[in-house]
Each structure stands twice: as structure tokens, then as C-alpha cells.
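Please look over the following model with attention to its side-chain packing. The briefing below is grouped by topic.

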Amino acid sequence: MLDVTEDQPKTAYKRVLLKISGEALMGPTGYGLHPPTVERIAREVKSVHDLGVEICMVIGGGNIFRGLSGSAQGMERTTADYMGMLATVMNALAMQSSLESIGVFTRVISAIRMDEVAEPYIRRRAVRHLEKKRVCIFAAGTGNPYFTTDTAATLRANEMACEAIFKGTKVDGVYDKDPNKFADAVRYDIVSYDDCLANRLGVMDASAIALARDNNLPIIVFSLDEPGGFRGILAGEGTYTRVQG
């Protein structure tokens, strides 16, 4: 049972993983971190944490460095991917700082050992942190090149026995085409894993979708720019797309 007070809505989920892109932390700037935006997202996470929900996070690194684009410019792919992993650690530390400044105990857990700034990934230890109501931010992807943070998020969500992945984006769900370019774009309420793959809907990369499908792990796609959106969906409200079997 969740520890929910009378003025708090009940939630269908006890443990979830929130996946956001590094670009989400840029705010109105074109690069790097925008502290007010990081603080706003931290408050969104706290509002859900206050419901008694156990939260994991995976944050991309594209606001600092993206391995695939580095490779496309002539850099050796493995090196570029490791640089992208390090960028995710910087974002995780920024989010940890914002969360702890508003009273949420947090652990940054890295797939690449860097003991001075983050814990190494040990599954049972991470689960124990969640049970103690600490937010776990998983950094450095899977620790391996050629795997995206989407795949890392799906892997960690399965390892932590999360009940859903919440994918925060700039739009309020999955559309049949880009709603920023096409006025007649149609949003799906529910879409299957196979349709996401067949139609290349861009929810996550193919490896992540396949891993979620094979483990029957739903993906909730919602707008991170909508104030209170994360909490609202957990309370059974709001607009979103559910990706499921």
C-alpha cells in the first residue's frame, strides 16, 4: 500500500522510471544546462515522489554531447559514445543537486565506475535505495557503446521491476506524424509496440521498444513541458499515449 494522505490522489503505480532527453534540460538555451529548467523538472519529480511513488530516472546527454552525431562528424564511434555517456553523468549530477535542494534524497548510479562522484551500478543496492524512497538516477547508459539511453532506460526499468516507463517529451503523446510540422497530425491514445516499430513512430529506438515488448513493460509518452503533467498522469488525468502489447 502507498502512504497517501487524504488530499493526495491514489496512483496505479508504485515504482516507475522517468526517461527524459538531455535536450529537455536546455530550456530556452541552445546548449548545456538551464538551471531554472532543471529545477522545474526536479519539482515535477518531487510532486510524484510525494505521492509515495518510487522513482528511477535516466537522462540523456544530447544537450552536451551526442555520440552518434560525433561519429557522423568523423570521430571514432566508440570514443564518441563514451563521451556521450560522460555527458549523462553531468546531467545526472545537476538533477541530483536540484532534487536534494528541495528535500528529495537522491543517488546517482553510474554504469562506468567513477567512485568520487557516483555509486557503481549494483542492482540489489539500487533496489534498496528505491525501497528507502530515494530517487535513483542511472547515468552513463549501459556502460557500453552502441547502446542509447533509451535502451539503458528500458534495461534499468526491467532490472528494477518498474511498472512503467514514463517518457517525457515536448509533445503530449505519440502522433502519426510530427505535430509541429503537420496540423492534421493525429495523436494515439494507445499504440502497440509492433506498430511503433513498423511505422517508425520515434517513441524510442528499436532496441528499447523490442526490450519493452518482450517484457510487457508499458511506455507512457507525455509532455514534460505541461506543468503537473507527470503527477497528473499518475493520478489518472492528463493527455498521453500508452505504448503496450
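In this predicted model, the count of aromatic pairs comes to five. In the pair formed by Phe-222 and Phe-230, the ring centres are 5.7 Å apart and the planes meet at 15 degrees, so this pair is stacked.

**Aromatic rings and charges**
- Both Phe-222 and Phe-230 are buried, and together with Tyr-13 and Phe-166 these two residues form one aromatic cluster.
- Arg-156 lies over the face of Tyr-121, at 3.7 Å from the ring centre, and the charged end of Arg-156 also sits over the ring of Phe-138, 6.0 Å from the centre of that ring.

**Nonpolar cores**
- The largest nonpolar core has 37 residues, of which Met-57, Met-95, Leu-99, Ile-137 and Phe-166 touch the most other members.
- Elements that each supply at least two residues of this core include strand E1 (15-20), helix H1 (35-49), strand E2 (54-59), helix H3 (77-101) and strand E5 (135-139), as well as strand E10 (219-223) and helix H8 (229-234).
- Another core, of 28 residues, lies apart from the largest one, and among its members are Phe-138, Ala-157, Cys-196 and Val-203.

**Surroundings of Ile-137 and Gln-96**
- Leaving aside neighbours within four places in sequence, Ile-137 is in contact with residues including Met-57, Ile-59, Ala-92, Met-95, Gln-96 and Leu-99.
- Gln-96 is placed in helix H3 and has a relative accessible area of 17%, which is under the 20% cut-off, so Gln-96 is buried.
- Not counting residues up to four places away in sequence, Gln-96 touches Thr-106, Arg-107, Val-108 and Ile-137.

Key: Residues are numbered from 1 along each chain as its sequence is written. This is a predicted model: local features need pLDDT of at least 70, side-chain atom pairs count only at pLDDT 80 or more; totals for chains, interfaces and linings use all residues. Side-chain values use heavy atoms; hydrogens and water are left out. A nonpolar core is a set of buried Ala, Val, Leu, Ile, Met, Phe, Trp, Tyr and Cys residues joined through side-chain atoms within 4.5 Å. Buried means under 20% relative accessible area, exposed over 50%, partly exposed in between (1.4 Å probe, protein chains only). Helices (H or I, at least four residues) and strands (E, at least two) are DSSP runs, numbered from the N terminus. Contact means heavy atoms within 4.5 Å. Rings of Phe, Tyr and Trp (its six-membered ring) pair if their centres lie within 6.5 Å; planes under 30 degrees apart count as stacked, over 60 as edge-to-face and the rest as tilted. A charge sits over a ring if NZ of Lys or CZ of Arg is within 6 Å of the ring centre and within 35 degrees of the ring normal.
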